[in-house]
Amino acid sequence: MAMADQLTDPVTHHGEGAVWSDLWGELKWVDMLAGTVLSLHPETGAVSRMPVGSPIAAAVRPRRNGGMLVVTEREFTLWRGDTQEFATPPLWRDDLRRFNEGGCDPSGRMLCGTLAYAGDVGGGEMFRLNTDGSTERLWGDVTTSNGLGFTASGDRMYYIDSETRRIDVFDVGEDSTLSDRRPFAPIEEGRGFPDGLWVDELDGVWVALYGGGAVHHYDSRGILADVIELPVSKVTSCCLGGPDRNTLFITTSREHLAADEEPAAGSLFTAQAGVRGVEARPFAG
């Protein structure tokens, strides 16, 4: 068991979606409910913010040919610098749900799931942005679609629907097709809800526990191997990054907290993982 170190002051209301990419040479994450992408500049430690023109910035990923992909409330968007180059039409017309979290598959396509604003059980879905700009609905019956990530070999995908209180795993076949979803690791009652995740090079999973004040590391067999504790309760996402990809970056949230509760909530934290993370797969479109 170890304690994470606070790296920044509180810089987000609801920090989420931490991603380090060597294509950027820096960490990016989102202030999800403010519709903003944040960047941590390693040379200075400064944090910059970029609004994306939507009330929601759900997820961010690098693009193979430069720039980034940002998932907003109802669209997939592509950016170069602070200029939006492409946006899909809204994937639904009502204002009852939003995108929440996602990641790119080994074929370079972006998967992102949704949740209902009212918290309806089974009210969310999983969508995919293909490299030609088209979109597909992959499955439904999701309550809070959250972290997903692929093993280094690309033969398995870990996935979280938070209300299930577990990490699931899929087999990944040709053209990154998904099959045989099954439980991988349960989260004990009282330890919070599983939120964002990252995969290491040994096929272990690092998962942020919202309401649990910790990141859990499960080995490739689904056995709890490490616990990283934080001084705040709402731990939202984590990624393995930095030049050696062995620094654990952890985002946190102030959502539903009073102004005088948990002063460090909304800050970015770090810990040393002792294992390299899988590199963030870029969007290939």
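**View 1. The largest cavity of the predicted model.** The largest cavity has a volume of about 140 Å³. A cavity is a set of points on a 1 Å grid over the protein atoms alone where a 1.4 Å probe fits but cannot get out. Volume is the space filled by probe spheres set on the points, which are joined across faces, edges and corners. Lining residues have an atom within 4 Å of a point. They number 13 here, with Leu148, Gly149, Phe150, Trp198 and Arg281 closest to the centre. Strands S11 (97–104), S15 (145–150) and S19 (193–199) each supply at least two lining residues; strands are DSSP runs (E, at least two residues), numbered from the N terminus.

**View 2. The second largest cavity.** Its volume is about 70 Å³. Of its 13 lining residues, Ala18, Arg61, Glu101, Leu197 and Trp198 lie nearest the centre. S3 (15–21), S11, S15, S19 and S23 (235–241) each give at least two residues to this lining.

**View 3. Asparagine 130 in its loop.** Asparagine 130 sits between strand S13 (124–129) and strand S14 (135–142). The residue is buried (under 20% relative accessible area, 1.4 Å probe, protein chains only), at 10% relative accessibility. Contacts (heavy atoms within 4.5 Å) link asparagine 130 to Arg109, Thr135, Glu136 and Phe283, not counting residues up to four places away in sequence.

**Notes.** This is a predicted model: local features need pLDDT of at least 70, side-chain atom pairs count only at pLDDT 80 or more, and totals for chains, interfaces and linings use all residues. Residues are numbered from 1 along each chain as its sequence is written, and side-chain values use heavy atoms, with hydrogens and water left out.

Definitions and conventions. 1 Å grid on protein atoms, 1.4 Å probe; cavity = no way out; pocket = protein on both sides within 12 Å on 5 of 7 lines; lining within 4 Å. Helix = DSSP H or I, 4+ residues; strand = E, 2+ residues; numbered from the N terminus. Buried < 20%, exposed > 50% of the residue type's maximum accessible area, 1.4 Å probe, protein only.
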